[in-house]
Amino acid sequence: MALSSPRGTLLGPKGWTGVLAAALVIGVLIPLLNLAVAPDSAFHLSEYYVSLTGKILCYAICALAMDLIWGYTGILSLGHGVFFALGGYGMGMYLMRQIGREGSYKSDLPDFMVFLDWKDLPWHWAWSDSFVLQMLLVIAVPGLLAFVFGFFAFRSRIKGVYFSIITQALTFAAMLLFFRNETGFGGNNGFTDFKRILDMPLNTPGMRVFLCVLSGAVLIAFFLMARMIVNSKYGRVLQAIRDAETRVMFTGYNPVAYKLSIWTLSAVMCAVAGALYVPQVGIINPGEMSPAASIEMAIWAAVGGRATLIGPIVGAFFVNGAKSWFTVAFPEYWLFFLGALFIAVTLFLPHGIVGLLRKKGERS
Amino acid sequence: MTPDLMQAGAEALERHKAKPESRPRFVSQEPYFGQGVALYVQDITVSFDGFKALNALNLTIDVGELRCIIGPNGAGKTTMMDCITGKTRPDSGKVFFGSNIDLLRLSEPQIAQAGVGRKFQKPTVYEHLSVFENLELALRADRRVRASLFSRLSGAQLDRIGEVLVTIHLKDEAQRTAGLLSHGQKQWLEIGMLLMQDPKLLLLDEPVAGMTDEETERTAELFLTLEGKHSLVVVEHDMKFVDELTQGRKKVTVLHEGSVLAEGLLSDVQNNEKVVEVYLGR
């Protein structure tokens, strides 16, 4: 019998078709329907839907990051919102500087600093005038935070629900810190009123479509990268850590290095999503660091189907699509619905939506 | 300098340069077995909240030896294995692997890389991976993150996996998810994973628990073929299995209250008054 490694290829023919279809929808269909079709036509895609899609694409990146750390490695983070928000704040600082003198106070400094009677930029804003340096911070700051936090947590062998609680505390502490005016991030109002990015106006249909397409491209790139990771031996070690960590240790692997690397990568993915998100929604405030925001990310992954990669992306679209409809139709009941959905998925669909579809596919 | 000296010098340099390549880079130190001792446990004591799980335990395992360890529940058998594999640090005492590796200074993964394999009491396999993948992960190779990211199986490695699949009678189940195997098959898979690591010392905690009689017999046969090539320490309650393994001529160690109560042939040990007392109660 000839043995071979069972997961050799990156994607099957079906998988590549799916990726291509997604790329076409995001890269061609959405721009065409929004920009080329006349606004009074039935096929016109309104700006609301373009920015909604862009927003959900960013959420989907977070869900994908959750899948790597929770679905594959078995580490439930309830604090990924902090990395998303830090990425968002990094981008927000740059966008604030791009406003220039067009703020309400007509000052060189961002409005909130004038309001606080600050005379100079604080030290941590030193790079905020440079797009390149600031984007470096978008990756480096959340990455470093994740690395240091993960190093101590994993080295101390903090696991399971204890780890989840600590991550929840981390994002909550960060939120309280960012609420303070002294921190230099605009307090509870955060940053808003953005005007330009790279000296180009933000509030144009073209820019909106571009950011949406960019988010989609990043999502697809991250998806392929994640696929490569879980197909490698490294990815199988991650799953082994999830199933039986002691066995992994007694086989000679040091789980700390594996957990720390995927944890940091997952945090950086969230940060990139946050940086893409902020110019599209036009605001970032400490609310993004609220515990509930991080828990929602876990729900997207669970609803779509853990350890499937595609599942959490589907879950992000499903839950957020439902949210945007629900909060308009029945604003009071959204949280009840979200809770019920989570319970229903946990009880009846342990493998999420994708698990259900796969089961159906096997039967027919 | 004479030409032959220069020649010798150049050759020595070549050998020196070639050496790190031939040695596996992930093992920092090879155990030295020149003195015929594979495992040397001296006077180890472990206490949990005042309770002495191990009390000045001494044990020596020779290279290639198969040693069975028996003892009533709570005698400290599993704690002893924990000390050897780095899971528990003893309060005092020494544990050496070969005559040069101090196991008390190494972490669990380092001990495993040095060549100590351990099987748990409860079969511990990666439930969501296939049998093949379970073995692949155990395969002796560079354990670092970057190496795993880009690792590809070579032909020789595939052959080795195939060989072990035959040894553990799971060849037809290679692509099956490990979680779907029977209890006995999982035990076998875990033993197979140990074999993939190619350890010099195997610690087996109740390896036949939950196996059928036929599976138990096959396991005994397998262990007997490993004897000599590897050193084995088998903790077991099943006296019939111990009898089969020792073949009436090998030493058995009886643990009781954290220290060695008796050591000798199974038949002698079974007639030892102290042992009978411990097992049957006064």
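In the predicted model, Leu39(B) has Phe97(B) of strand E4(B) as its bridge partner.

Strands E1(B) and E4(B) belong to an open sheet of four strands in chain B, with antiparallel pairing and the order E2-E1-E4-E5. Strand E2 (51-62) and strand E5 (101-102) of chain B form the edges, each pairing on one side only. Helix H2 of chain B, residues 77-85, lies across E1, E2 and E4 of that chain. Relative to E2(B), this helix runs at about 65 degrees.

In chain A, helix H2 (residues 47-72) packs with helix H7 (residues 205-231) at an angle of about 20 degrees, and the two axes are 9 Å apart. Because angles under 35 degrees count as roughly parallel, H2(A) is described as roughly parallel to H7(A). The crossing of the two helices is left-handed. Residues of the contact of H2(A) with H7(A) comprise 18 nonpolar, five polar and two charged.

Chains A and B also touch one another, in a contact that takes 24 residues from chain A and 31 residues from chain B. On the side of chain B that touches chain A, at least two residues are supplied by each of helix H3 (108-114), helix H4 (131-138), helix H5 (145-149), helix H6 (155-167) and helix H7 (183-197) of chain B. This side of chain B has 15 nonpolar residues, ten polar residues and six charged residues.

Conventions
Residues are numbered from 1 along each chain as its sequence is written. Chains are lettered from A and ligands numbered from 1 in the order in which they are written. This is a predicted model: local features need pLDDT of at least 70, side-chain atom pairs count only at pLDDT 80 or more; totals for chains, interfaces and linings use all residues. Axes are lines fitted to C-alpha atoms, for helices over the stretch in contact, and angles run from 0 to 180 degrees between N-to-C directions. Angles under 35 degrees count as roughly parallel, over 145 as roughly antiparallel, 65 to 115 as roughly perpendicular and the rest as oblique. A crossing is left-handed if the near helix is turned anticlockwise from the far one by less than a right angle, and right-handed if clockwise. Ala, Val, Leu, Ile, Met, Phe, Trp, Tyr, Cys and Pro count as nonpolar, Asp, Glu, Lys and Arg as charged, and the others, Gly among them, as polar. Two strands pair if DSSP finds at least two bridges between them. Two residues are in contact if their C-beta atoms, placed from the backbone, lie within 7 Å.
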